[in-house]
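Subject: Structure for you to look through

Hello,

Here is the structure I said I would pass on. Please open it beside this email; my notes follow below.

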Amino acid sequence: MIPTSLRLPDRPGKPRRIGLTMVIDNGAPVGMLRDYLDSAGELIDFVKLGWGTSLVSRKLPEKLAALAAAGIPWFFGGTLFEKFLSQGGFDDFRAFCIEQGARYVEVSNGTLDLPNGEKARYVDKLAADFVVISEVGFKDAARSEAMELEDWVREINRDIDAGATLVVTEARESGRSGICRSDGMLRRELIEGILDSGIEPQSLLFEAPTKDLQTWFISRLGPNVNLGNIALGDIIALETLRLGLRSDTLLAWD
């Protein structure tokens, strides 16, 4: 219970359109996932079953049932989409998602040599059956750093026009690619350029797996910025950053 005498930033309740927190499950035991959903489910807007862990997890049905019981949407990592596509299995991917009861899908080309225009066509195809979350940026840091601001803005807009509800800016679970340099430093000028381009911030979800990245985005865009690739163990810590209950943002809104 938060004392009423404290002035804290407003945080919308669920279902949220802003201030989204996307948590990444890197293969956690189902009991651990249930515990986090029970203790912090109101702070979680999406769970991404990272890369191809869903095909290795022995208790995937139990995980999906736990997420359904908690009322938390989930989706398979974009790398799984790319794996199916690399073997000519787009229809199999769609069928797999339908079979598992997915309402959301992630479309990416972070590893696969898939032209951005073709990726957008897959966004369009899947938007008829799912809520599509697309991802822009590459897993390889050198490839991402070679992308100019104009490339990022063009591809974000292309995916939105194709039917993506939310566009994720790549940073990996390590925070060392995409919008970050290989040393983990945020490409701030890139983010500022994207924000200045006219793209609505609520259409973007910034991958921010580290406290430094989370702090920067919250300080720059406020407590209701959309953030993703949050570790299960960092859910409550992130919310304290959003509310100014951690030293890094303590005086941000006083």
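Helices and strands are DSSP runs, numbered from the N terminus, a helix having at least four residues and a strand at least two. With that naming, tryptophan 51 is found in the loop between S2 and H2. Please keep in mind that this is a predicted model.

Overall picture

The chain holds ten helices and eight strands. Its radius of gyration is 18 Å, close to the 18 Å from the globule rule for 254 residues, so the chain is as compact as a globular protein of that length. The C-alpha trace spans about 60 × 45 × 30 Å along its principal axes. Of the 254 residues, 52% are buried. Among contacts with a separation of 6 or more, 71% are between residues 24 or more positions apart.

The cores

Which residues have the most contacts inside the largest nonpolar core? They are Phe81, Leu126, Ile179, Phe217 and Leu227, in a core of 66 residues. Another core, of nine residues, lies apart from it, and includes Leu20, Ile133, Leu166 and Leu205. Returning to phenylalanine 81, its contacts beyond four places in sequence include Phe90, Phe93, Tyr122 and Leu126.

Isoleucine 179 sits in the loop between strand S6 (166-169) and H8. Is isoleucine 179 buried or exposed? Its relative accessible area is 0%, and buried means under 20%, so isoleucine 179 is buried. Leaving out residues up to four places away in sequence, isoleucine 179 touches Trp152, Leu190, Ile191 and Phe217, among others. The C-alpha atoms of isoleucine 179 and leucine 251 are separated by 26 Å, and the two residues are 72 residues apart along the chain.

Helices H8 and H9

In H8, the buried residues are Leu190, Ile191, Gly193, Ile194 and Leu195. These pack against helix H7 (149-162), S7 and H9. After H8 comes glycine 198, with a positive phi near 100 degrees.

Helix H9 (residues 211-221) has as its buried residues Leu213, Gln214, Thr215, Trp216, Phe217 and Ile218. What do the buried residues of H9 pack against? The partners are helix H8 (188-196), strand S7 (204-207), strand S8 (227-231) and helix H10 (235-243). Glycine 222 follows H9, and its phi is positive, near 95 degrees.

Backbone details

Lysine 14 and proline 15 are joined by a cis peptide bond, with omega about 0 degrees. Proline 15 belongs to the segment before strand S1 (21-25).

Tryptophan 51 is not a glycine, yet its phi is positive, near 30 degrees. With a relative accessible area of 35%, tryptophan 51 is partly exposed. Threonine 53 is in the loop between strand S2 (46-49) and helix H2 (60-70). At a relative accessible area of 10%, threonine 53 is buried. Beyond four places in sequence, threonine 53 touches Asp25, Asn26 and Gly27.

Asparagine 229, also not a glycine, has a positive phi of about 60 degrees. Asparagine 229 is placed in strand S8 and counts as buried, at 3% relative accessibility.

Regards

Conventions:
Residues are numbered from 1 along each chain as its sequence is written. This is a predicted model: local features need pLDDT of at least 70, side-chain atom pairs count only at pLDDT 80 or more; totals for chains, interfaces and linings use all residues. Side-chain values use heavy atoms; hydrogens and water are left out. The radius of gyration is taken over C-alpha atoms; the globule rule is 2.2 Å times the number of residues to the power 0.38. Buried means under 20% relative accessible area, exposed over 50%, partly exposed in between (1.4 Å probe, protein chains only). Contact means heavy atoms within 4.5 Å. A nonpolar core is a set of buried Ala, Val, Leu, Ile, Met, Phe, Trp, Tyr and Cys residues joined through side-chain atoms within 4.5 Å.
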